[in-house]
Amino acid sequence: MVSSLAEPLLALRNIRAGYGEAVVLDNISLELADRGSLAVLGRNGVGKSTLLLTIMGFTTLRRGNILWQGRDITALAPHRRARAGIGWVAQEREIFANLTVEENLTVAARPGRWDKRAIFELFPRIGERRANKGNQLSGGEQQMLAMARALMTNPALLLLDEPLEGLAPIIVEELAGALKRMIRDEGTAVILIEQHAGIALSLTEDAVLLERGAIVHRAKSADLMKDAATLDRYIGMKIKA
Amino acid sequence: MASVAPAISGPHQYLQAQTRWSRVEIAFWLATLLPFVVAPNYLVLASQVAITALFALSLDLILGYAGIVSLGHAAFFGFGAYTAGIISKYGWGEPLSGLLISGIAAGLLGYLMSFVIARFRHLALIMITLGFGFLLLEAANSASWLTGGADGLQGVRMWPLLGIFKFDLWGVTSYWYSLIVLFLLFLVSRRLIHSPFGLSLRGIRENIVRMRAIGAESRAHLQKVYTISAAMAGIAGAVLTQTTETVSLGVLDFQRSADLLVMLILGGAGRLYGGIVGAILYMVARDQFSGINPQYWYFPIGVLLIAVVLFLPNGILGGLAKITASERLQKWMRTLPPWLRGAS
């Protein structure tokens, strides 16, 4: 789906994965170019989060392999994948509740373009709350912190699992703006899972639709945005742009 | 947008800045010298307290900072105690090298144990450490040819410290010795927890899966800190042997592990000083309560424990920190002259 001849940043080949005995994803293949961005859409329970967890190495992989910058990382432990440059922001946010904002960031810090200064510029709100503990933040601030913490590892690819879920519209706007800067201006590659299909498609270049653990549709995000019939069929949602 | 505070430091500078000594800390360590002046008759107790404080500090490293629950930490304390005793009994009574050897021995045991420990969390850990403690206790009991079994290890003779200071009956040398060992290992622990490694440990305590996702090899970290903690516990045990010139099976007892956990929770886990404050409080309380009523002295301890957990869920130090952070007190503090406020 990516036309460039250059080696993809991430490639999944015929993945079958799940948890223990249960198989959630089957026959998943996809590629993401360096600086690319991909929206993963689908109803609840189709395996979107499992896809990210599989890329991170937290699921049971039964078949297929995962290539990172051309290197097979199928057998690599999660922390090694993280060090290789894959960042993951879980749906549950999972910030360290008893560490301060600054400690939450410091613990993840690895040298690179994203340091605390750059982070506080992207998310001024959490800059103001540096000395507060994780559990003293609002939901939106926690989400920003979770994203910021992943950025502090200076990933080449960021996996985002419903970063806008359950947030107030004004925070959604702020976060979407930050995402846009990350993707467009900074060139961080992103795989984005999002219920707000409109926002997800407007932020990304490519999109896939998942149903029952398999990819059922691939398109350019801009094209899919206009394809109301397909969207309605697979996610049963009218788009609000 | 422009309200980003100045001085955003890099990760190392940030951690460095956390290590400044506050006046309260300095006052605390100066106060540990008070027993020499105020209570010269209690120096034996004071050195027991210092030893227990060191032991509690070792548990704080794994429980308070890395989230490894242990109900069998006496295993390492006892292992260090017996190692020190046996070395001395068989002819080498030099305290400092004995201490070092005991620490290394306990650390080695801890390293071996850490392969199991790092795989489990929570309840499973309690069971494993408990079982390990029992195992070592019975091993020491049955190996009476080496340990003296239930009669205790006899014939431990220590040479004078540095060839000059004899371990006297009043505990002057003992207290100096245990206090200095405690302070030095406290410095090591302090350095450790303010290092990137220490911050990673706290992250692991908070959420182990998340730490993997940001690239920390949690298992190796856990093994490392467990080994360090075991070595420290072993050193605490060795100091006990060296200052009392005897070793009994009690050093490996479950009661010792349990008491230790109680002290740490009383004082406040994950606060570095929590174990030390808890040990002081617990040991002094035990001394006083058992003087009043030698049979039922656990009763007031029980009351104390329940009260602390109910009203100060983060221990005494956690409670204090909350009070000092409260708005009202801050306001009141600002009315004080600067030298009284301290800097923390």
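Does G45(A) count as buried or exposed, and how many C-beta neighbours does G45(A) have inside 10 Å? The close-ups below come from a predicted model, and the opening view settles that.

**View 1. G45(A) and its loop.** G45(A) sits in the loop that links β3 (37-41) and α1 (48-56) of chain A. G45(A) has 11 C-beta neighbours inside 10 Å, so G45(A) counts as exposed; the cut-off for that label is 12 or fewer. Now look for A22(A): A22(A) and G45(A) are 23 residues apart along the chain, and 13 Å separates their C-alpha atoms.

**View 2. Two helices packing in chain B.** Here α4 (residues 43-65) packs with α14 (residues 274-292), both from chain B, at an angle of about 140 degrees. Their axes are 7 Å apart. That angle is why α4(B) and α14(B) are described as oblique to each other, and their crossing is right-handed. By class, this contact is made up of ten nonpolar, six polar and two charged residues. On the α4(B) side, look for residues including L45(B), V49(B), A53(B) and D60(B). Across from them, α14(B) brings in residues including G274(B), I276(B), M283(B) and D287(B).

**View 3. Where chain B touches chain A.** Chain A puts 28 residues into this contact, and chain B puts in 22. On the chain B side, the elements giving two or more residues are α1 (11-17), α10 (196-206) and α11 (208-213). Which of chain B's elements gives the most to this side? That's α10(B), with five residues. Sorted by class, the chain B side has eleven nonpolar, six polar and five charged residues.

Methods:
Residues are numbered from 1 along each chain as its sequence is written. Chains are lettered from A and ligands numbered from 1 in the order in which they are written. This is a predicted model: local features need pLDDT of at least 70, side-chain atom pairs count only at pLDDT 80 or more; totals for chains, interfaces and linings use all residues. Axes are lines fitted to C-alpha atoms, for helices over the stretch in contact, and angles run from 0 to 180 degrees between N-to-C directions. Helices (H or I, at least four residues) and strands (E, at least two) are DSSP runs, numbered from the N terminus. Angles under 35 degrees count as roughly parallel, over 145 as roughly antiparallel, 65 to 115 as roughly perpendicular and the rest as oblique. A crossing is left-handed if the near helix is turned anticlockwise from the far one by less than a right angle, and right-handed if clockwise. Two residues are in contact if their C-beta atoms, placed from the backbone, lie within 7 Å. Ala, Val, Leu, Ile, Met, Phe, Trp, Tyr, Cys and Pro count as nonpolar, Asp, Glu, Lys and Arg as charged, and the others, Gly among them, as polar. A residue is buried if 20 or more other C-beta atoms lie within 10 Å of its own, exposed if 12 or fewer, and partly exposed in between; C-beta atoms are placed from the backbone.
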